Amino acid sequence: MPSAEFNTAAEEAQKLTTKPSNDELLELYGLFKQATVGDNETSKPTFDIKGRYKWDAWTKLKGTSQADAEKKYIELVEALKAKQ
């Protein structure tokens, strides 16, 4: 179950005034999925290029605990907010 701090960070990520770079967005996605679902057990998309990048971003975090992913997600959102 995600913490209140994580849920707040997720809401704040949606409200960033400056759009993060594609790499930052992929990192946010991977950390969010790892924190909320855990290791990626889905099959890699074949024809969906955007889906493959997202799948890769999540899969590279395999083995990271959900608590660690949550902490890194919050830190990334705070760093992105500071860049605004």
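Modeller: A pocket is an open set of grid points with protein on both sides within 12 Å along at least five of seven lines, and its volume is the space filled by probe spheres set on those points. In this predicted model, the largest pocket holds about 430 Å³ of space.

Biologist: Which residues lie closest to the centre of the largest pocket?

Modeller: Among the 15 residues that line the largest pocket, Leu25, Leu26, Leu28, Tyr29 and Lys54 are the closest to its centre. Helices α1, α2 and α3 (49–59) each supply at least two residues of the lining. The largest share, six residues, comes from α2.

Biologist: How do you know whether Gln34 is buried or exposed?

Modeller: Gln34 has 0% relative accessibility. The cut-off for buried is under 20%, so Gln34 counts as buried. Gln34 belongs to helix α2, residues 22–36. Beyond four places in sequence, the residues that Gln34 touches include Asp39, Trp58, Leu61, Lys62 and Ala69.

Biologist: What makes Lys33 fall into its accessibility class?

Modeller: Its relative accessible area is 22%. The limits are under 20% for buried and over 50% for exposed, so Lys33 is partly exposed. Lys33 is also found in helix α2. Leaving aside neighbours within four places in sequence, Lys33 is in contact with Gly38 and Trp58. Lys33 and Pro45 are 12 residues apart in sequence and 16 Å apart in space, C-alpha to C-alpha.

Biologist: Where around α1 do its buried residues lie?

Modeller: The buried residues of helix α1 (residues 4–14) are Phe6, Ala9, Ala10 and Ala13. Because they cover an arc of only 100 degrees around the axis, they lie on the same side of α1. They pack against α2 and α4 (66–82). The face of α1 turned away from its buried side carries the exposed residues Ala4 and Gln14.

Biologist: How many aromatic pairs are there, and why is the pair of Phe6 and Tyr73 given its name?

Modeller: The count comes to three aromatic pairs. For Phe6 and Tyr73, the centres are 4.9 Å apart and the planes are 50 degrees apart. Phe6 lies in helix α1 and Tyr73 in helix α4, so the pair ties together parts that are 67 residues apart in sequence. Phe6 and Tyr73 are both buried.

Biologist: Which residues do the ring pairs link into a cluster?

Modeller: The cluster consists of Phe6, Phe32 and Tyr73.

Terms used. Residues numbered from 1 in each chain as written. Predicted model: local features only at pLDDT ≥ 70, side-chain atom pairs only at ≥ 80, totals over all residues. Heavy atoms only, no water. Helix = DSSP H or I, 4+ residues; strand = E, 2+ residues; numbered from the N terminus. Buried < 20%, exposed > 50% of the residue type's maximum accessible area, 1.4 Å probe, protein only. Contact = heavy atoms within 4.5 Å. Arc of directions from axis to C-beta. Phe/Tyr/Trp six-rings, centres within 6.5 Å; stacked < 30°, edge-to-face > 60°. 1 Å grid on protein atoms, 1.4 Å probe; cavity = no way out; pocket = protein on both sides within 12 Å on 5 of 7 lines; lining within 4 Å.
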